[in-house]
Structures are given as C-alpha cells and as structure tokens.
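This report describes how one protein assembly is built.

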Amino acid sequence: MKKHFVLVAALALLLTAVLPAVAQDQTLEIYITGLTEDTIKWFNEVAFPAFEADHPGVQLEILTGGWGEFDATVAGWITTGDGPEIVYLGSEYAATFGDLLADLDPYLKDWEELDQFLPAALEAVTWDGHLRGLPLLMSPRPVFYRTDLAADPSVIPPLTFADALEFVKANSAVENNAMTRMGFMDIGSGLFDDQEFIAYIWSAGGELYNEDGTSAFDSEATAEALKFMYDRRRIMMPDETTAGLPPFEGVPIASGNVVSGIFPMWNMPATTDPLWENIVAAPYPAGENGEPLIQVFIDWLSVPAYVEDPALAVEFLKFITSKENAIELSKVAGFTPVRTDAWEELKASNPVWAKLLDLAVEYGRPFSDIRASAELRPLIREQVALYMSDQQSLEETQQMLKEEYDAILEDNGYLD
Amino acid sequence: MATVTTNAQLSALPRTAQPNLFLRIVRAIDPRALILYAILLAASLFFLFPMAWMAGTSLKTIEEVGQPQLNLLPANPQWDNYAKLLREETFYRAYTNSVFVVTLVLVGTVTSIALVAYTFSRLEWKGRGIVFALMMGTLMLPAQATLVPQYVLFHNLGWIRTFNPITIPGFFAGGAALVFLVRQFMLSIPRELDEAAMIDGANPLQIWWYVIMPLSRPAIATITVFLFVGQWNNLINPLIYLQRAELFTMPIYVAQKNNLQESPIPWQDIMAASVLFVIPVLVVFILTQRYFVEGITMTGTKG
Amino acid sequence: MDVSAQARLENLLWAIGTAAFIVIGSVLVGQAAKMIARWRGLSTSDQRKVFWGFLFAAPWIIGFVIFVLGPALASLYYSFTDYKLGKEMNWTGLENYRELLLGAGAQGRRFSQAMFNSFYYMAVGVPLQIITSLGMAMLLNNQLRGIRLFRLIFYLPVILAGGPAALLAWRYMLAGNGGFINVTLQNLADSFFLFDWLYRGFIFTVEAFNSFYAGIAGGDPIGPFKYAVPALIGALVLLSIARGEWTPAKRARAWLVAELIGATIIVLLAARALVADPLDPGLLLGSGALAAAGAFIAHMRGETRRFHLWTLIPLALAAVGIVILMTFGSDAERSLYVLALLAAAAPLVLVYITRTPMKKRRLLGAGAALLTGIIIVRLIPGQLDGGRLAVLPQYLTLQSAIAQPDNLDYLNEGFAATTPAALWLYGLVALVLGGLSLADNRYPRTARTIALVSLAAFGLIAVSAAIDGVRYFQAYNQIAAATGEQNYHFAQFNAATAQWPDKNRVPLWMTNELWSKPSLILITMWSSGAGMLIFLAALKGVPRAFYEAAEVDGANRWQKFWKITLPMISPAMFYNVVIGVIAALQTFDTIYILRTPQTEDDLASAAFFLFNRTFRQLEIGQGAAVSWILAGIIVLLTVLQFRYNKWVYYEA
C-alpha cells in the first residue's frame with residue numbers, strides 16, 4: 001500500500017510543479033461598467049487591436065460588471081492592491097477614492113489636448129488638485145418639459161422653486177387615491193433621488209461642505225431644498241398611500257401622463273423621435289439665493305494607485321479619449337463626448353444634442369466632490385425618506401444629516 | 001368489533017336494480033376526498049403559478065409585458081425570445097460556466113465528503129469525538145463571519161477573477177451538514193461487512209471503495225442533488241469573486257438582466273432566461289425528488 | 001484562447017493540484033497523528049487506527065484550518081479594530097460592539113433597523129411560515145391517490161426560491177401597478193362585494209400594522225405597552241398551568257418556559273452590560289442577582305452536590321463588586337461588575353449544557369423563593385430602572401401610572417425605550433415559574449395558590465399597562481396636536497388608520513415601505529416546503545392508536561389536533577421555529593433581488609446590513625463585529641436547539 005502512496009504523491013508533486021507554468025503576456029486590464037454587447041465588441045475588435053498594433057507585446061482585456069456591485073468589486077481590488085490597471089468610475093468617485101487613485105499630473109500636465117476637454121469635466125476627475133484620470137463621456141441631466149401637455153405652456157421653464165411648485169400643482173391630478181397625471185417625475189420614479197437632492201442644495205445657493213470641510217447640511221439652502229422636494233411630493237401625493245400612475249408603455253415622458261421630469265438620456269425617446277418637437281430641456285429651478293443649474297455626470301477612466309507604472313495605462317487613456325475615438329464611441333455606444341472638438345459633428349447632425357450641449361456649457365455643474373459617497377448615499381436616503389414620509393421633522397432631519405455626515409467625514413479622514 | 005356479514009343477511013337486503021354507471025361513480029366518490037382534492041388543487045395553484053407565469057411571460061412581446069394583463073399565455077407565442085437568448089454569446093457562456101462549475105464542485109465535494117463521513121462512521125480512532133464535534137460546531141458559524149478574511153486569503157492565492165474560490169473549497173469536504181447526512185447513513189450499514197473484508201486483508205481505503213461506497217449510494221445521491229441545487233442557485237460567492245463577464249455563472253447573468261437600466265423593463269427576456277435557468281433544477285428535482293424527501297426527513301428528524 | 005475556456009482549464013488544473021495537495025497533506029496529517037499516538041504510548045494497533053482515522057478526516061481538517069479557522073480568527077481580530085479598506089487599522093476594543101448594540105450613531109441606528117426588520121421576519125414571517133407548512137403537511141398526511149405528486153408540487157418552490165429566477169418572477173407579479181397579483185385582486189374586488197370588503201380590510205390591516213411597527217422601530221417609546229407584553233405572557237403561561245391538576249408535566253413545562261425567558265434576559269442584559277456606557281451599577285448588580293437566583297433554582301432542580309458552590313460564587317462576586325464600588329467607585333467598577341454578572345450567569349449556562357436529572361429539594365426551593373423575594377424587594381424600586389418599576393403598585397391597583405402629561409418631553413423621557421424595566425418583569429415571570437417548577441406533587445394546593453396569585457398579579461399588570469398604553473398613545477397625539485408639532489413617530493399610522501381604504505386602492509407591494517416586508521414574507525410562505533417535510537415526517541410518526549383512543553372518548557377534530565397532534569409534533573415545531581429564526585437573520589438573496597433603492601433600508605436583514613458594511617462601504621472592522629454578533633445569536637439558538645431537541649439539521 002505504501003508504494004501506491006509514493007506513486008500518487010510523486011504524480012501530485014509533478015502536477016503542482018506544472019501548474020504555475022501558464023505563461024502570461026503583459027496585459028492591461030480595463031474595467032468598464034454597464035456596457036452593451038455592441039460596445040464591448042467595438043472595444044475588442046476595433047479599439048484594442050489598434051492600440052495593440054502601436055504597442056507590441058501589450059494585450060488589452062476588458063472586464064465588465066454592473067453598477068449594482070460596483071462599490072464592492074472596486075473595494076476588493078483596492079484592499080488587496082490587485083486589480084485592473086484602468087477602472088471606470090462614476091462622476092462622484094474622485095472624492096470617494098481620493099489618494100487611492102494615482103496622481104496622473106506627471107503624465108498629463110503637458111499633454112496639449114487637455115485643453116479640449118470641458119473644464120467642468122476635468123474638475124470632476126481632479127482630487128486634491130491633481131488629475132486622477134481622464135473623462136470618457138458625459139451625460140447632462142436637465143429637466144424635460146412637455147409643452148403639448150402642460151396646462152399653460154408659457155410658464156415653461158419655471159426657474160424658481162416657487163414657480164416649479166405652481167407648475168406641478170397645475171399639472172398633477174389624483175383620482176381614487178391614485179395619481180392619474182404627474183406634474184413632475186423624479187429620476188428614480190420613487191420617493192426622491194439623492195443626486196437630485198444635492199442638485200437642489202446647489203441651486204438653492206448652498207454647498208455640501210463648509211470652509212473647514214464639515215458638512216453644511218444645517219444650511220438654509222438645505223432646508224429650502226428639502227422643503228421644495230417635500231411640498232412637490234405632497235402636491236402630487238396627498239398622503240403616503242397614494243398609488244402611482246397606471247402602467248404605461250415606453251419611456252415615461254412619452255406616456256402622456258407625465259408632464260415634466262428628470263430623466264437620463266437612456267430613459268428618453270430616441271433623438272430622432274418626432275416627440276422631441278414638444279419637449280423642452282431646461283435647467284433645475286433655483287432657490288431664492290441660487291442660480292438654475294444642470295447636473296452633468298462625468299464617467300471617467302482612472303488609474304488606481306496600486307498600479308506600479310501608470311505610464312502604459314495613461315497611454316491608453318489618451319488613446320481612447322482622442323477626438324477620433326470620442327466620435328466613434330458617440331456613434332457606437334451613444335457616449336456624449338467630453339471633448340469640445342468632437343462636438344461639431346454631433347451638433348451638426350443632431351439638434352437635440354446641440355441644445356443639450358449648449359445647456360451643459362451654460363448651466364452645467366459636474367456631479368463631483370461628493371466625499372465618502374458610499375456612506376452618504378444611504379444616509380441621505382434614510383434621513384430624507386423619513387422627512388418626506390412625515391416621520392421626522394425638518395429640523396431633526398437636517399440635524400441628523402449634519403451630525404452623521406460629520407461623523408462619516410471624520411471617520412474617513414476628510415476632517416483633521 | 002368487526003361485523004361479519006353472512007349470506008343470510010345479504011340475501012335479506014332488499015334487492016335493488018343494478019345502479020347505473022353515473023350513480024356508481026357518484027357513490028364511489030368519497031366526499032371528504034373530494035374536498036381534500038379541491039384544497040390540494042387550490043394550494044398547488046399557489047405554488048405553481050409563479051412558474052407558469054414565468055413561462056407564459058417568456059413568450060410575450062415587450063408591448064404585452066408592459067401593460068396590465070391577466071392572460072397566462074399570449075395569443076401569439078414569441079418563441080423568438082428564446083432563439084434570441086440562445087444566439088447571445090453571454091448567455092451561452094454563462095450557461096456553460098455554470099455547468100462547468102457545478103460539475104467540478106460535485107466531483108470534489110462528493111468524493112471528499114464520502115471519505116470524511118467514512119472515517120466518522122466506520123473507523124474507530126482516538127480523537128474522533130473531538131474532531132467530529134469541531135466539525136459540527138462549524139455549522140453554527142454564519143458564512144458571513146469568514147467572508148472578508150476569505151477574500152483576502154483568495155487574493156493572496158491569486159484566485160480573484162478565477163473559478164477557484166467557487167470550486168476549490170468544496171474539495172475540502174465543504175458542508176458539515178452533508179458530511180453528517182452521509183455519516184448517519186453509513187452508520188446504518190452492518191459492521192460485519194467491514195470485519196469480513198478486514199479478515200480478507202483489505203485496508204480501510206479498500207473497504208471504503210469496495211464495501212461502503214456501493215452500499216452508500218442513496219446517501220451519495222442525496223447529497224449530490226442537494227449540492228447540485230445549492231450550487232446551481234448560488235449567487236453571492238460568484239458575485240463577489242468572479243468579477244468579469246466571461247466568468248459569470250447563470251445566477252449572476254439572470255440577476256443582472258434585472259439591473260439593466262432599460263425602460264420599459266424587458267420582462268419577457270428576463271423570464272426567458274429564467275426559464276432556461278430553472279429547467280435543469282426542475283428536471284433534476286423531479287427525477288430525484290425521492291432523495292430530497294429522504295435527505296430532509298432523515299437529517300431533519302432523526303439522528 | 002477564449003477567456004472563459006482558459007479560466008476553466010486553469011481551474012481544472014488547480015482542482016487536480018488541490019486533489020494532489022489533499023492526498024499529500026492527508027498522508028502527512030495521518031503520519032503526524034500516528035507519531036503523536038506513538039509518543040503518547042498508544043499500542044501499535046491503536047497507532048494504526050489513528051493513522052487511518054486522521055488520514056480520512058484530513059481533507060476536512062486541512063480545509064477547516066485554511067478556510068474557516070484562519071479567516072474566523074482574522075475576522076474576530078478585525079472586529080476589535082476600526083479597519084477600513086485603504087485606511088490605517090487601529091485597535092478600538094469594544095467600540096464596534098458598543099455602537100452596534102446600543103444603536104449609537106448612524107450605523108448603530110441602521111443596524112437596529114436591520115435587527116428590527118429581522119425581528120419582523122421572525123415575529124410575523126416565521127409563524128405564518130409555520131402555519132403554511134403545517135397546513136400543507138396536514139393536507140398531505142391523507143391517504144389519497146396522487147398525494148406524492150402534490151408533495152412534489154408543494155416542495156418545488158423551495159428548490160426554486162434559492163435562485164434568482166423565481167424571485168424575479170415574483171417581482172414581476174407583484175409590480176404595484178399592473179402586476180398580475182394586483183390586477184387580479186382588483187378584478188375580484190370589482191366583481192364580488194364580499195371580496196372587496198375583505199380586500200380593503202386586508203390593505204387596512206397590513207398598512208396599520210406595518211406603520212405601527214415602523215413607528216416603534218423608529219425608536220418611538222411605546223410607553224407602558226412594554227410592561228403589558230411580559231405581564232401578558234406571564235399571565236398566559238400561568239393560566240395554562242394553573243388550570244387542572246398540578247402534574248409533573250406541567251412543572252416541567254413551567255421550568256422550560258422559565259429557562260427560556262431567563263436565558264434570553266441574561267443574554268440581553270449581559271450584552272447591554274458589556275457595552276453600556278456609562279455603566280449603571282444597579283443594572284449589573286440586579287442582573288447578576290437575577291442570574292444567580294435563576295441559577296440557584298436551576299440547581300435545586302438538578303442533582304449536583306456543588307449546587308451551593310455554583311450559586312454562592314456569583315453572589316460572593318457580586319458582593320465583592322459592591323464593596324469595591326463603594327470603596328473606590330471609579331472605572332474599576334465597570335470590569336468588576338461585568339465579571340460579577342458573567343460569573344452569575346455561568347452556572348445557568350452550565351445547566352444548559354449538562355442536563356441533570358431532577359431531585360426534590362423543597363426546602364431549598366422555599367429558600368430560593370425567599371432569596372428572590374429579597375432581591376426583588378431590595379433592589380428594584382428606584383434603583384434598577386430609574387424608578388420606572390415604582391409604578392408597579394399603581395398597576396396592581398389598576399391606577400394609571402401616567403401623571404398628567406403636558407409636553408412631549410415628559411413622555412419621551414418618562415418611557416425611554418431603553419428602560420430595562422420590561423426585562424425585569426420578564427425576569428419576574430421566569431423566577432415565579434422557576435419557583436413553581438420546584439413545587440412538589442405532595443403540595444398541589446400550595447403550587448396552585450402560588451400560580452393563581454401570580455396569575456392575578458400579572459393579569460392586573462397586563463390589563464392596566466395596556467390601558468395605560470392606549471392613554472399614553474392618545475396623550476401623545478393630543479399633545480402633538482396642541483403644541484402644533486406632528487406625531488412623527490406615528491404619522492404614518494395615524495394616516496393609515498384615519499379612514500377605510502378607498503376603492504381602487506392597491507397594495508403597493510415592492511415600492512412602499514409599508515408593503516416591502518409583507519412582500520418578502522409572502523415569498524417565504526410560498527417556499528416553506530422544507531418545514532412541511534419535517535412536519536410531515538413528524539405527523540407520520542404519531543401513532544394511530546392515539547387518535548382511535550380519542551375517538552372512543554368522543555373527541556372532535558379540533559380537540560384531537562390540540563391534544564394529540566400538536567404535542568406529538570412539538571419537537572418538529574420547535575425545530576422549524578429555530579431554523580426559521582436563524583434564516584430570518586440571514587436572509588440575503590431575496591432582499592438582494594427584490595430591493596429597490598427606496599425599500600432597501602426597510603428590507604435589509606442583519607446579513608444584508610453586514611454585506612453593505614463590508615463590501616459596499618469597506619468597513620471591515622464593523623462588518624466583522626456584526627458577523628460575530630450574528631454568530632452569537634445563532635450559537636445561542638443552536639444551543640437551545642441542542643438542549644430541547646435532539647441534534648438535528650437539514651439543508652433547504
């Protein structure tokens with residue numbers, strides 16, 4: 001019997017020795033979230049071969065996943081210091097990851113094409129005064145109004161909170177305790193949206209942070225934003241048990257029951273749809289001391305700090321954000337280019353986009369510098385939901401938001 | 001006291017005409033049984049309906065699924081929903097990945113569990129009690145307790161974005177409950193068999209393979225089906241470790257279909273993928289349901 | 001090569017390598033064990049046995065060390081630190097546990113909400129699940145043609161609910177507007193008057209109940225209500241044992257309930273005491289005394305010569321603690337009191353592990369009762385609960401304990417939800433029951449008298465506390481209205497109960513916080529087939545003769561169920577409850593698939609909170625602490641399971 005064991009053991013040793021012999025090229029891994037099959041195909045079959053041809057011995061690989069587990073996945077990489085060389089990030093992540101992302105200034109400061117990028121977009125990918133990546137695409141998110149459905153189209157667009165409430169009031173209806181017409185639909189079609197809440201704080205003239213870095217949720221502007229959202233909700237939904245709109249086909253704005261709302265472009269009709277003749281895009285209403293604005297979301301590519309030599313990764317960033325590729329991507333994936341020099345073609349061929357881009361330049365504010373966003377998001381959701389559903393007073397809500405966000409900021413080292 | 005009917009009593013009964021077929025059927029039916037059947041059928045409707053709705057939806061058009069409607073099956077079944085899925089490369093890949101992972105897990109886990117259960121049931125050795133108690137103790141530790149350090153461990157092994165974290169741990173007799181199940185079964189095999197083999201000069205390994213394993217087939221089958229269903233449905237571990245689309249297994253594929261930011265939600269596609277996802281489990285379950293019932297009742301109430 | 005094909009190939013190689021590793025490792029483990037056996041002087045044949053034994057056990061042993069023991073120790077260590085990914089790790093001691101258990105700060109609050117959610121799944125979901133599965137099992141326990149097919153159908157959802165597909169189907173069916181279920185309900189309601197009435201009643205009930213629960217979970221003081229609950233439980237248990245003769249079975253049952261309640265209290269108080277800040281000496285002292293008294297009774301029931309030691313040690317420790325506190329009264333008090341408490345609780349824990357046979361010690365029983373009485377009389381009023389239990393005399397005479405309230409502050413402070421007074425009342429129940437279980441067969445009248453007197457006392461407390469609860473609730477609303485503030489805690493409840501639901505009202509299943517938990521419970525009911533199989537096996541084990549005997553005695557169906565079936569299947573019942581409670585804490589997949597951003601917080605179970613903290617927010621330290629709290633609860637439940645049932649386990 002002993003003999004058998006020796007034999008098996010020898011075999012096993014042999015196999016263990018052979019195992020690590022799977023040879024690897026120099027690969028550059030790129031993590032991009034939420035791409036369609038066609039876009040992945042474009043990367044794999046057009047973009048990558050072109051880059052690989054210029055850089056012999058380099059192999060590109062694309063990793064994809066959903067936004068649902070984005071935080072967890074990226075967290076894993078950063079903990080272990082091992083992950084893709086290039087990570088696709090959402091608009092607010094520069095502040096979240098901060099120094100966990102490589103400082104790309106040494107590689108990019110002298111790049112002449114940098115001027116072509118929308119300044120607001122570059123602002124979004126900067127943390128602590130240093131560039132952390134390059135913007136890949138942007139999505140301006142205005143309020144859309146239906147001129148043909150509105151009771152009084154002449155008031156469109158309402159640009160103050162008070163006018164906006166009037167507009168919602170004139171265009172909403174409830175029958176049998178169920179909504180039949182919504183004057184305004186928020187992006188999640190739910191209770192409220194945390195990104196929208198932040199936008200109203202800004203448009204009410206407030207900021208998220210005080211000079212000293214502490215939370216400014218106790219500000220007048222926050223109170224104004226909260227009250228505006230609450231009043232708007234109560235106009236459409238007299239109490240919390242009011243049911244939503246009857247189901248509809250297609251995108252909400254085309255349903256005939258939604259008069260205005262904030263929607264990302266993927267939840268709007270195709271830009272070729274004739275309905276666009278009756279749709280007006282406008283900035284968010286503003287508070288008494290604020291200015292109307294449009295939230296612009298910048299999706300960008302970053303290089304994590306664990307990457308030992310970011311040079312190659314930066315080469316790829318420059319390559320993929322080049323004018324030609326930006327135009328290509330706008331065609332293949334519908335990405336709106338962040339480079340102004342790539343806009344001409346888009347604007348000329350598409351009046352809807354022309355209007356949106358102009359709005360973005362005039363009113364755009366990037367959704368960025370949101371610190372510890374992974375913890376702020378649930379905090380806003382929890383506290384504002386309590387206020388919106390009559391379970392907490394305005395003062396208490398502001399106080400809780402401020403106290404706990406301060407604690408989070410301190411925990412995460414944003415306050416010293 | 002049982003009554004005995006005599007011939008005399010029978011003949012004393014008033015003679016009636018032979019009842020017609022309908023009446024005979026009516027009389028044969030036990031009203032109590034009828035009520036029970038009615039309740040059973042109603043309950044079955046509750047348990048089966050989601051499946052039926054899933055199947056029905058998978059054949060509808062996107063316009064149909066977007067509106068309120070009650071008909072289970074569409075007038076015009078869209079088999080193309082399935083054809084579309086089957087043409088999709090990501091679907092095919094997820095499916096084959098799942099089949100691969102499940103197969104490997106089954107091979108490794110079943111073999112190692114059979115070995116470990118054997119030593120806990122048929123071999124006498126000093127320290128067995130302690131090791132066994134330790135193993136049963138791990139049942140109390142919630143899986144989440146070790147999730148994070150395990151992640152760090154697998155990273156150090158270079159296993160992130162590979163199938164290893166999903167398949168390899170099973171090789172170490174993963175699942176104390178299943179070991180316990182097999183052990184209980186093996187305990188019921190007569191001792192004389194081992195002893196006879198021992199006298200013939202067989203060592204424990206040979207006894208395990210030639211004597212115990214053939215007799216333990218029902219228990220092995222039971223844990224195999226349990227493992228199959230558990231692994232086929234497993235969502236959280238693949239979600240944490242696989243991280244790249246090429247490695248996704250079916251549960252992630254299906255769950256992600258739901259996360260797509262599309263409006264209206266393409267329920268017909270999601271349900272078609274769901275149907276194809278459920279079919280293997282369904283087939284295995286129907287073929288092996290005996291083992292399920294035995295496995296649960298055996299570990300659940302005996303021991 | 002295709003990426004996935006390559007990954008599979010690599011995985012296959014790893015698998016083969018692992019197999020080889022296990023083989024080599026097993027031989028090494030076996031040899032090592034053999035060497036130790038030789039060193040310890042075992043005979044050659046024993047050495048051989050040890051070699052083979054460990055050889056076969058080695059795959060599990062190696063795996064245990066690598067994948068369980070190592071990671072578990074690491075996570076235990078993390079739980080005492082503020083480890084956050086990308087940040088420096090600092091030792092913070094019990095800080096994580098304190099934050100979580102006391103519900104302090106944003107995370108503590110979110111954790112308590114997750115625990116409240118989990119508790120909802122336990123308190124509402126598990127009973128419904130038990131009823132469904134028992135009902136199914138009883139249906140299937142009939143001799144009918146094709147019954148096996150039905151068994152298959154009833155069990156089917158269990159297999160499917162483990163994966164995302166079936167959950168997605170439910171999600172689609174439950175869609176608030178135009179989902180199959182709501183449209184069907186609406187159509188039925190439109191067609192049948194009676195159904196319409198029932199349907200609206202259902203909506204009303206669910207919304208009222210859930211909004212009330214949300215109010216409580218939101219940290220609202222529910223005032224005197226919390227006194228009513230333990231008193232009511234005590235009264236009900238006493239009622240059942242005071243009726244009829246005083247039999248050993250009843251005594252055993254009284255003891256069982258006492259033990260369960262006692263263990264729960266000790267755990268809750270110990271957890272609180274461990275983390276409480278500032279530490280309330282009275283709380284600890286009293287907890288220690290309660291635990292000691294419980295242990296005292298426990299050991300008088302058992303046959304052990306060291307019983308007096310076990311009880312004297314904790315009491316002595318408590319006494320030392322008091323002396324030290326009086327002398328120094330500094331930080332030292334904290335650890336000492338914890339020690340005292342733990343020492344006091346230890347014997348009871350010990351009793352759990354070793355079930356000792358019963359022996360009559362009537363005299364000592366009386367002594368225990370006396371001791372308990374002294375402890376309660378000496379310690380409770382004004383000391384242990386900030387004076388709350390001083391209201392007991394008022395309750396006993398059916399007077400309101402609420403002074404004329406004039407502002408909300410009074411109410412908020414007066415009945416702070418953290419007051420442990422309700423726990424004390426539970427403790428009292430446990431002690432009375434424990435004492436009763438000592439009463440001898442020869443003195444049935446004494447026992448019954450004790451039971452009846454206590455019953456009357458608890459009944460009175462329950463009734464007056466309940467009345468006060470209602471008064472309190474009204475007062476809250478009135479003051480809120482008068483001062484122009486809103487009753488924020490119960491605004492939803494007040495809105496939901498203000499009027500009968502309109503026509504066309506639909507349950508907003510997944511989208512509304514009042515409906516998200518009921519949706520989840522509906523799905524768990526749908527997939528409760530595993531419990532059904534356990535019940536079915538138990539039902540088949542009930543001897544027919546019992547029913548036949550009962551039929552001879554003229555028992556009806558209902559009586560047969562209560563008197564024969566239920567007692568006979570109680571182990572299965574207990575088992576299903578324990579498993580259900582553990583599952584409620586660990587619910588994950590269902591929430592992951594069914595959540596929306598709006599309902600996520602209202603659905604999150606303890607396990608989901610853990611996932612969020614560690615994998616979404618990278619707070620490894622606190623996540624680890626959550627996992628050990630969960631592990632603690634599960635271990636406790638499993639110990640209970642061990643104690644009251646044979647070791648059983650099943651996998652769904």
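What share of the 416 residues of chain A count as buried? The figure is 44%, where a residue is buried if 20 or more other C-beta atoms, placed from the backbone, lie within 10 Å of its own, exposed if 12 or fewer, and partly exposed in between. The model is predicted: local features need pLDDT of at least 70 and side-chain atom pairs count only at pLDDT 80 or more, while totals for chains, interfaces and linings use all residues. Residues are numbered from 1 along each chain as its sequence is written, and chains are lettered from A and ligands numbered from 1 in the order in which they are written.

Chain A has 15 helices and 13 strands; these are DSSP runs (helices H or I, at least four residues; strands E, at least two) numbered from the N terminus. A box of roughly 85 × 50 × 50 Å along the principal axes holds the C-alpha atoms of chain A. Two residues are in contact if their C-beta atoms, placed from the backbone, lie within 7 Å. Of the chain A contacts between residues at least 6 apart in sequence, 74% join residues at least 24 apart.

Chain A is split into domain 1 (26–140 + 296–366) and domain 2 (143–282 + 372–411), with bounds from an automatic or database domain assignment. Taken over C-alpha atoms, the centres of these two domains of chain A are 29 Å apart. Their contact involves 13 residues of domain 1 of chain A and 9 residues of domain 2 of chain A. On the domain 1 side, H13(A) gives the largest share, 5 residues.

Between chains B and C, the contact takes 89 residues from chain B and 90 residues from chain C. Helix H2 (residues 44–78) of chain C gives the most to the chain C side, with 19 residues.

A nonpolar core is a set of buried Ala, Val, Leu, Ile, Met, Phe, Trp, Tyr and Cys residues joined through C-beta atoms within 7 Å. The largest has 297 residues, and Ile113(B), Val116(B), Val179(B), Val182(B) and Ile223(B) touch the most other members. H2(C) supplies the largest share of this core, 15 residues. Beyond its neighbours within four places in sequence, Val116(B) is in contact with residues including Ala173(B), Phe56(C) and Trp60(C).
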